Every structure is written in structure tokens, then in C-alpha cells.
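Here is a friendly tour of charged side chains and a few backbone angles. Please have a look at the model before reading on.

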Amino acid sequence: MITSILKSIKDIFLGKEIFIDDPRIGVLSERVLSKDPDKPYSWVSEHRLPHQNEKTTFIVDGNFEGPFPAQLSVIYRILDELKDIKQKVDKELRKNAAIPDTLTTWPAEFYLSSLIPLDSETLEFELIFEAEDPEEMTYVSAVWLNGKLGDIALNI
């Protein structure tokens, strides 16, 4: 009884939690307070991709009906090209920055931890790669826009 009362209070003040099952990026959720189509919402999913030991957090812009289809299409493209993207990021890092000896094999040891929209209109995303080792605080970030990578950084 108390649990259902707390859920009702949450639904009133925070919005009703909606779930959408996406075949590629898992179950997305968001609390929807208004059915105003112009009110933006951020749908979130944590999903383990094939060939990764850790889950990736996906954030997708949308409205009360769900994520924007254009953003999902871009995410699918990024996932389809993920192996090539990691290779390009590695190539750029090696060209533009000194990679410590301990990180020369980062593409094999890091996974895509987050995929975050930076701009819903241009469909620009930030990709974050983190080490599977939770003690390793280093991460690699890159911006993806229209099939091109930019702002690639090794963050130590």
C-alpha cells in the first residue's frame, strides 16, 4: 500500500515513468509529466553491446512519445561503425598526442561507456570510451557529426 502511494506521488510530481523497448539499445525510460509535443525529454538506456563486458549508457533526445527517430538512426549508424570509429580515434590520438605506454592497447581494453547527444538538430553526439578496469580513470572522448569525428581527446 505504501509503495503504491509513493509511486502515485512520484507520478504526480515527477511524471509517469514510461518504458520503450528498442531492439538495438535496450529499454529506454523517461518520466513524462506532459503530453506537450514541444516539451523535450531525455530517454535513457543502459545496454550491454555485443563484444563488450560492460553496459553502455545511451541518452536520446525526444518528446513524450519517445526518442526522436533521427537520433536513433544516428545511434544505429554509430553502433554499426563502432569498430572503425575506435580505429579512427586511435589513429588520431597517436597522430596528435603522446599516448602513455600503459595505454597503447586502449582500443582493446576500453568499451563504449556513453553515447550522449550534444545537439538534437545537427545530430551531433559525444562518444565516451572507458577502461573496463574500474580503477582506471582515463577515458577517451570524441564528437561524431555526419559521419566525421572531431574533438578527439585522451583524458588522463
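## About the model

This is a predicted model, in which local features need pLDDT of at least 70 and side-chain atom pairs count only at pLDDT 80 or more, while totals for chains, interfaces and linings use all residues. Residues are numbered from 1 along each chain as its sequence is written, and side-chain values use heavy atoms, with hydrogens and water left out.

A salt bridge needs a side-chain nitrogen of Lys or Arg within 4 Å of a carboxyl oxygen of Asp or Glu.

Asp-22 belongs to strand E1 (residues 16-22); strands (E, at least two residues) and helices (H or I, at least four) are DSSP runs, numbered from the N terminus. The side chain of Asp-22 has a polar contact with the side chain of Tyr-76 at 2.4 Å. A polar atom of the Asp-22 side chain also lies 2.8 Å from the backbone nitrogen of Arg-24. Polar contacts are pairs of N or O atoms within 3.5 Å; within protein, one must be able to donate a hydrogen and the other to accept it, and residues adjacent in sequence count only if both atoms are side-chain atoms.

## Salt bridges

Side chains of opposite charge can pair when their charged atoms come close. The structure holds 5 salt bridges. One of them joins Arg-24 and Asp-80 (2.7 Å, N to O). This pair links distant parts of the chain, with Arg-24 in the loop between E1 and E2 and Asp-80 in helix H2 (residues 69-80), 56 residues apart. Arg-24 is partly exposed at 30% relative accessibility, whereas Asp-80 is exposed at 58%.

Arg-94 and Asp-90 also meet in a salt bridge (2.9 Å, N to O). Both sit in helix H3 (residues 82-96), 4 residues apart, about one turn of the helix. Asp-90 is buried, since its relative accessible area is 13%, while Arg-94 is partly exposed at 40%.

## Positive phi angles

His-51 is not a glycine, yet its phi is positive, about 70°. His-51 is in the loop between strand E3 (41-48) and strand E4 (55-63) and is exposed, with 86% relative accessible area. Leu-123, in the loop between strand E6 (110-119) and E7, has a positive phi as well, near 60°.

Methods. Buried < 20%, exposed > 50% of the residue type's maximum accessible area, 1.4 Å probe, protein only.
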